[in-house]
Amino acid sequence: YDYNRKDKNGNTRELHVDKAINVIREYTDEEIKEAAINCSPAPVSENAEILAASDKFCTEKVICNGKTRLISTDESFLSLVCVKGNAVIEYNGEEYSLDIGDTYFIPAGMGYFNIKGCAEVLCASVKK
């Protein structure tokens with residue numbers, strides 16, 4: 001969406017929604033399987049579902065109900081974004097509030113940590 005921007009003459013810019021829809025292609029089952037194989041570090045949790053992956057990054061969705069264990073390996077940092085619900089991150093005896101819209105940067109090599117509560121979290125990592 002072009003956010004109602006104006007062209008140089010002050011006119012609202014034309015949107016090309018139909019053209020955009022016409023070039024959308026869903027991933028094939030084979031492409032999804034290949035992305036899952038190439039996602040590294042993977043997975044961050046046994047509750048993780050790969051949403052997108054390439055040779056440079058991986059994004060997973062983690063559904064947290066109760067207490068969910070995640071891991072930050074030496075391979076990559078993790079970027080966590082809470083997109084639904086609320087919870088706390090438990091690490092090394094400390095708790096950090098995790099509410100919808102919150103983002104946390106988890107350093108590479110931090111090891112295991114928990115998310116306690118009911119939340120949906122997107123977790124992005126990079127590949128070496």
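Predicted model: local features only at pLDDT ≥ 70, side-chain atom pairs only at ≥ 80, totals over all residues.
Let's start on a strand pair: Lys67 stands opposite Lys116 in β6. Strands here, like helices, are DSSP runs numbered from the N terminus (E, at least two residues, for strands; H or I, at least four, for helices).

Numbering runs from 1 along each chain as its sequence is written, and side-chain values use heavy atoms, with hydrogens and water left out.

Strand β6 has another partner to look at. Strand β3 (residues 78-91) runs antiparallel to β6, joined by 11 bridges, and Asn86 stands opposite Cys118 in β6.

Now move along β6, residues 111-126, to Ala124. Ala124 counts as partly exposed because its relative accessibility is 26%, and that class lies between buried (under 20% relative accessible area) and exposed (over 50%), using a 1.4 Å probe and protein chains only. Setting aside neighbours within four places in sequence, Ala124 is in contact with Cys58, Thr59, Phe77, Leu78 and Ser79, contact meaning heavy atoms within 4.5 Å. Ile50 is 74 residues away along the chain, with 9.9 Å between its C-alpha atom and that of Ala124.

Zooming out, the protein has 2 helices and 6 strands, in the order α-α-β-β-β-β-β-β along the sequence. Of its 128 residues, 28% are buried.

Note on methods:
Pairing = 2+ DSSP bridges.
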